[in-house]
Amino acid sequence: TLSITDSSRSRFAQSVVSIQVLADTAALLSTVSNIPTGIMNPTQMLQLTGNVIIPDSLLSNRSIVQWTVSDKDIDLSTIALSPIQLVMTKTSATMYVVLFMFYVHGHYCFLGV
């Protein structure tokens, strides 16, 4: 668990990170955000970039990678401003998902949520 508090102790953030060691035959994914500070203005769009590497043994004409959200109430395909699926035609690819924020009912949300 990583905990961060500002110097005045008025703001606090906490995150839990799980690390799992995978076999050599597992697919690999690294993600990067266009908001490196974690602070996002309401006029900005969030772009997540995913770099996917899959072993030759897993590559087929049906190798599809997809962005997903763990919250079952969110339909990412309706709120994303970009495709959420990519058909892998080679062992490595870069994919993107773009989301736009807006202000409603006293808080910021991603479009459609």
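The conversation below sets values against definitions.

Modeller: This is a predicted model, in which local features need pLDDT of at least 70 and side-chain atom pairs count only at pLDDT 80 or more, while totals for chains, interfaces and linings use all residues. Residues are numbered from 1 along each chain as its sequence is written, and side-chain values use heavy atoms, with hydrogens and water left out.

Colleague: How do you know what confidence the protein has on average, and where confidence is lowest and highest?

Modeller: The pLDDT is the predictor's confidence in each residue, from 0 to 100. The protein averages 77, and 80% of the residues score at least 70. Strand β8 (residues 107–110) has the lowest confidence, with a mean of 56, and strand β6 (residues 85–87) the highest, at 89.

Colleague: What makes a stretch count as a helix or a strand, and how many of each are there?

Modeller: Both are DSSP runs numbered from the N terminus: helices are H or I runs of at least four residues, and strands are E runs of at least two. The protein has one helix and eight strands, in the order β-β-β-β-β-α-β-β-β along the sequence.

Colleague: Why is Thr 49 called buried?

Modeller: Buried means under 20% relative accessible area, exposed means over 50%, and partly exposed lies in between (1.4 Å probe, protein chains only). Thr 49 has 16% relative accessibility, and therefore counts as buried. Thr 49 is located in strand β4.

Colleague: Why is Leu 29 called exposed?

Modeller: Leu 29 has 57% relative accessibility, so it counts as exposed. Leu 29 belongs to strand β3 (residues 28–33).

Colleague: Which residues does Leu 29 contact, beyond its neighbours within four places in sequence?

Modeller: Contact means heavy atoms within 4.5 Å. With those neighbours set aside, Leu 29 is in contact with Gly 50, Asn 51 and Val 52. The C-alpha atoms of Leu 29 and Gly 50 lie 6.5 Å from each other, although the two residues are 21 apart along the chain.

Colleague: What makes a group of residues a nonpolar core, and which members of the largest one touch the most others?

Modeller: A nonpolar core is a set of buried Ala, Val, Leu, Ile, Met, Phe, Trp, Tyr and Cys residues joined through side-chain atoms within 4.5 Å. The largest has 15 residues, and Val 52, Trp 67, Leu 76, Ile 84 and Leu 99 touch the most other members. Strands β4 (45–53) and β7 (92–104) and helix α1 (76–79) each supply at least two residues of this core, with β7 giving the most, three residues.
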